[in-house]
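Please find below a colleague's note on the structure under review. It is set out as numbered points and is meant to be read beside the model.

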Amino acid sequence: MAAPLTLLLIVAVTIRAVLFRSSLAELISERVEVVSPLNAWKRVVEGLALLDLGVSPYSGDVFHETPLMIYLFHFTVDYAEIVFMVSPYFVDCLSCLLASLDRAKIAIGSNNLKSDLLFNFPGCLRHIISFSTCGLNNAIIALFIFCTLKGSALLSGILLALATYQSIYPLTLFAPALLFFLQRLYIPVNLRRSSFWCFTLQYAFIYVGSLVVITGLSFFLLGSWDFIPSVYGFIFSVPDLTPNIGLFWYFFAEMFEHFRLFFICVFQINVFFYTIPLSIKLKEHPVFLIFMQIAIISIFKSYPTVGDVALYMAFLPAWSHLYRFLRNIFLVSCVLLACSALFPVLWHLWIYAGSANSNFYYAITLLFNFGQILLVSDYFYAYLRREHHLTHGLYLKKKDGTEATLVLK
Amino acid sequence: AAFLLNDGTKNGETFAPAKDQFQEELVIRPLHSGDIYASFQFRTLWDTDFLQEGQKKVSHYRLFPKSLGQVLSKFSVQELHISFTQGFWRTMQWGQPFIPSPPGAELWVWFHDTVSDVDGNWKELTNVLSGIFCASLNFIDMTNTVQPSASFKPLGLGNATDHRFLRYATLPREIVCTENLTPWKKLLPCGSKAGLAVLMKSEKLFHSSFHSQAVHIRPICQDEQCTSKAWELRQTLNVVFDHYTSGQGKKEWSLFKMFSRTLTEACPLASSSKVYVDITDNPELFELSPATPLLSQAVVLGDRRTYSVYDLTRAETFGQLRSFNLLLRWKGDNMLRPLLHAERYVAGFGLQTGEIHTVIYNNHPYRAFPVLLMDSVPWYLQLYIHTLTVTSKSRDNKPSYIHYQPAKDRHRPHLLEMLIQLPPHSMTEVTVQFERALLKWTEYTPDPNHGFYVGSSVVSALVPSMVAMSTNFTQDQPLFSSFVPVKEESSYFVRVYTEPLLVNLPTPDFSMPYNVICLTCTVVAVGYGSFYNLLTRTFQVDEPSPPLAKRLANFIRRIRGVPLLA
């Protein structure tokens, strides 16, 4: 078991190192599907250069990383490659763990350890050799999930605070983490029980406390609160309309000025809105809830990149046992593959050849997000259906004894 | 017309006139303003008679183009003059042309007095010529044709003075282009393959202030007593090159610069092939090379002019390289070169990224001095200051002072100020990369594909002065020297502005705001709908609903209070 795993890891390291050194790395690090104004490496270098010039990186609109990133990269800017090479491994190891965890719980399925490492490659290939801090963010989220699954509430809270500090959206992962801990400690989710409130407050205290500490540390780096409008204000108000694979850019490029604030609020609420209903529905399945939350964040966040897509796709092999209940997987994979192929083509036609216009790229964006939504809802359907079969049996019969069909009613 | 005075007959011998004969000539006249006027003439003389009744129809054409010969005989044309001109001849600046022509197309024809239906012949002739020259001469009809009674007397032999046989028409709107030049060149005996016609390349000929091509056909006397007549076909091409547009501002001309070709040989079918350069104003105005001993004087347009003659039928004209290129250089351009000069341009391709290059020239031979460069770039071109490079003489030149204020989106632009030390007699290049932003659709100008302007860079410097200046303040200094206060004796303050830049930004589709809102909201609603379904509904076994009759029966039974059917 350990030998094939190490062999695969070595192969993965080699491939990534080779790709980093090739000219492909520079090409990919400029692509808009891979880097966004939030996490482009070019902007990090620019921010550090501004710091060297004596100007605050947050005085302009080019740098949107948190001050802790400045701390980190100030010392490791020469070793950036190694940092970017190492960080995706956290995601890999986590998906292994998820697969093993689920297998331990339910005795269905075969050894899909190899498959999930292999599965990572198409999903992560583009984003790993790009120089972007998305890999680091994904690593933090992966570490957070790892600590949650291992049962360490303190580390989990701290890492969640770090992930929230980096980009606000992981805030929604508080609920699934809390549910996981409650389930683990056999505390029923009952609003009238004091044990529930006791643990919730503890966890919330760890989380909020670490968040406050980290934010305070950031204040002391540059001595000003400039980073808050620059980072969090930027994420929420979406002033930069650089094209990416998400839905926000063209929508707000063509928005009537009068409705801009309204739709910004609508779109941002849309990301946080599914937390409570999903938590209620999936309160006994927090691991799947984490997956759903990450997927929703990746689809509906303001500046998505393929790195975010790769994060939730890396967890798909953990649910390979749902394959038999998936309804649209062929269509979805065709759509996603076709869109991945068309993104660079239509970008080139719009920006370089001048023979297409922005509508072409926008259309593929729509299709890509539609495919993602279909994928996530398909997995959700399969999961719920499997739960139903677990309780009611696999082969259902109607009242008259013939084979029944299940519908959602 | 220009008359040529030969200095003796060719080789001092008399010869029997050949049946047909071809001569080509190019006259180059430099103009005072720095422009240059070139006039080509190709003359074919043919001792034959198209219009003789009862004779066998002419069928063997050699140097004379067959298409024109057939036109002459079919329509009984005595004289034909057709010209195509682009541009207007500026007499006050350029003097008089050798062959004048009006802008557009002009056609005037004398028909033979044996023609009975002149109008019919005229109509058919214009259509045939329209086909030969690929021009829309078919627009010539009775509404724009006249019969001048006195102005256009025959230029060749002709006893027809009855103006009923003359037709004159112009099409001022006619445009001349390569399509007209190509069939015109095909009428020449050597085509455009040898002789002077190789110089006629359309990309240079049409990039000029004035361009005119014409065909003149007339019968002439072959000798003084007019014992024998011959047909003369003259093809002329006049072109004036403007030293601003074609000459890049330099007052220096050569055959290669004018026509992008040099001459390599004379037309083998030509009996004479010569290039004349008007050197009457030489040597004060310009200098000419290669020098030639052959000179010729001519009285043209009421003035005696001297010409340098280059005979292309002689091999030594072409020299060792076997190519003949004239060079005329205007003198007297010893303007003092400015010591400080700057240029700016945008490099890169596509609508995503780009680079701004600012080039600063220090033309002082031995003094280095610092300059202060200020750049103000609008916020929608995001500058990356870590890509800033300053190189002088291909070596890194670090500025001693940099003040950079990055832009805030929709609030303020970038400001970059640098103090750069310029080495003497050098070129310094400052490059910085930028990324182009996509703006909201209301932030574009009504003409978004025109591009967005970036203001000029400002280069301010104290330039070392050649002459010592006085720092005393005097009341009666002229205004032009008292604008900038003089602080030191040895240097003066100068501010140089570079070109503004025009940069294209990617544009969204402006016709689609409502569509975009609907489509994006649809995708979000699809997500919402799927999740709503999965969250609020549960799985149930699908029991088919009972048929209508049973449902109706059950409904009635319920009202009656009787137990329902299964």
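1. The structure is a predicted model. The comments that follow should be read with that in mind.

2. The interface involves 55 residues of chain B, which are in contact with 70 residues of chain A. Between them the two chains bury about 5,800 Å², and 65% of this lies on carbon and sulfur atoms. On the side of chain B, the residues that lose the most area to chain A are B:Phe531, B:Leu534 and B:Phe539, which together account for 14% of what that side buries.

3. Polar contact is also present: 21 residue pairs between chain B and chain A are counted, with both residues at pLDDT 80 or more. Several elements of chain B each supply at least two residues of the side that touches chain A, namely strands E18 (381-392), E20 (401-405), E22 (426-436) and E27 (539-541) and helix H7 (513-536). The largest share comes from H7(B), with 16 residues.

4. Strand E1 (residues 406-408) of chain A pairs with E27(B) in the antiparallel sense, over three bridges. Within this pairing, A:Leu406 stands opposite B:Val541.

5. Side chains of opposite charge can pair when their charged atoms come close. Over all chains, 19 salt bridges are found, and two salt bridges lie across the interface of chain B and chain A. In a salt bridge between the chains, the side chain of B:Glu435 meets that of A:Lys42 at 3.9 Å, N to O.

6. Within chain A, A:Glu33 and A:Arg31 form a salt bridge whose closest N and O atoms are 2.9 Å apart. A:Glu33 has a relative accessible area of 5% and is therefore classed as buried, the cut-off being under 20%.

7. Within chain B, B:Arg43 forms a salt bridge with B:Glu232, with the closest N and O atoms 2.9 Å apart. This pair links distant parts of the chain, since B:Arg43 lies in strand E2 (residues 36-46) and B:Glu232 in strand E8 (residues 229-241), 189 residues apart. B:Glu232 is buried, at 1% relative accessible area. A network of salt bridges links B:Arg43, B:Arg218, B:Glu232 and B:Arg234.

8. Which residue forms a salt bridge with B:Glu287? The partner is B:Arg329, and the closest N and O atoms are 3.3 Å apart. B:Glu287 lies in strand E11 (residues 286-289) and B:Arg329 in strand E14 (residues 327-330), so the pair ties together parts 42 residues apart in sequence. B:Glu287 is partly exposed at 37% relative accessibility, and B:Arg329 is partly exposed at 34%.

Notes. Residues are numbered from 1 along each chain as its sequence is written. Chains are lettered from A and ligands numbered from 1 in the order in which they are written. Side-chain values use heavy atoms; hydrogens and water are left out. Contact means heavy atoms within 4.5 Å. Buried area is the accessible area (1.4 Å probe) that two parts lose on being put together, summed over both. A salt bridge is a side-chain nitrogen of Lys or Arg within 4 Å of a carboxyl oxygen of Asp or Glu. A polar contact is a pair of N or O atoms within 3.5 Å; within protein, one must be able to donate a hydrogen and the other to accept it, and residues adjacent in sequence count only if both atoms are side-chain atoms. Helices (H or I, at least four residues) and strands (E, at least two) are DSSP runs, numbered from the N terminus. Two strands pair if DSSP finds at least two bridges between them. Buried means under 20% relative accessible area, exposed over 50%, partly exposed in between (1.4 Å probe, protein chains only).
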